[in-house]
Amino acid sequence: STAEDVRRALGARGDEAVLRSPAVLPPAACEALRNAVSTESQQKADTVDGAPDHQLNLSREELESAIGPEAAAVLWSLPASFLGEAADAALTSDVEIFVRRYTPATRPWNPFHTDSSRLTINVALDPPGRYTGGTLLGCFDAQVRPLPRGEGDATTHESTLLHGVSQLTSGARHSLVVFLGRARPAAPATELLDDTERLAEASALAGLMADEPFLERCGALLAGAAGPAAA
């Protein structure tokens, strides 16, 4: 179930939970994507919290045209680097791609959530010093951990990783997000779980929310994440 998957991800070691890859995109590609989302982005309701998403959706062909074939080859190699032999060609054929822009006035944060994909690649698009706050956070190693990144650096993780973005206090933050594969059929939870599974889901979630040390660590990290960061 979802809550049990999240709890398992929370207990994963850092090298199991998140693959960190430096300089996946060159500065010119990052700049091209920043400029594109600044001029062409949509403002539909985000699926996580219903807030305007301020994002530009791209096809695979549009992304590869924007970043170039060499950067695209590095990007599409990340699933195999993360999963090893468990990766398959279907992952990179079933993709959803978007570039997102955060500002204090329009999209100041992203709440903790899991993704609908099997894997997520997230690439930071800004040079250091362009914004403050806006730190990418992941829940693993039994705590909430910041994931600092430089321009063009990528993180790759499974959909069960609980993650979010802390409050942005100044500047503009941009990221490229690639969803690969589908974690489960797009059906209501009542159709996916029987009564026993729903009770187990509720119990696992209640246990997670009753874990006071975990919640205290979350609060402490979020309170401190509003300062300068390179994520």
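## Exercises on a predicted model

At 28% relative accessibility, Asp 141 is partly exposed (buried is under 20% relative accessible area, exposed over 50%, partly exposed in between, with a 1.4 Å probe and protein chains only). This is a predicted model, where local features need pLDDT of at least 70, side-chain atom pairs count only at pLDDT 80 or more, and totals for chains, interfaces and linings use all residues. Residues are numbered from 1 along each chain as its sequence is written, and side-chain values use heavy atoms, without hydrogens or water.

**Exercise 1.** Check the length of helix H5 (residues 69-83), then locate its kink.

*Solution.* The expected span is 1.5 Å times one less than the number of residues. The kink, about 30°, lies at Ser 77, shortly before Pro 79. The bend is the angle between axes fitted to the seven residues ending at a residue and the seven starting there. Just after H5, Gly 84 has a positive phi of about 65°.

**Exercise 2.** Describe how helices H3 and H4 pack.

*Solution.* The axes come within 8 Å and cross at roughly 130°. Therefore H3 is oblique to H4: angles under 35 degrees are roughly parallel, over 145 roughly antiparallel, 65 to 115 roughly perpendicular, and the rest oblique. Axes are lines fitted to C-alpha atoms, for helices over the stretch in contact, with angles from 0 to 180 degrees between N-to-C directions. Then list the residues: Ala 29, Ala 32 and Leu 33 of H3 meet Leu 63, Ala 66 and Ile 67 of H4 (contact means heavy atoms within 4.5 Å).

**Exercise 3.** Is Thr 156 buried or exposed, and which residues does it touch?

*Solution.* Thr 156 belongs to strand E9 (residues 154-158). Its relative accessible area is 0%, so Thr 156 is buried. Leaving out residues up to four places away in sequence, Thr 156 touches Ala 17, Val 18, Leu 19, Leu 78, Phe 82, Thr 120 and Ile 121. Among these, Leu 78 and Phe 82 are buried residues of H5.

Definitions and conventions: Helices (H or I, at least four residues) and strands (E, at least two) are DSSP runs, numbered from the N terminus.
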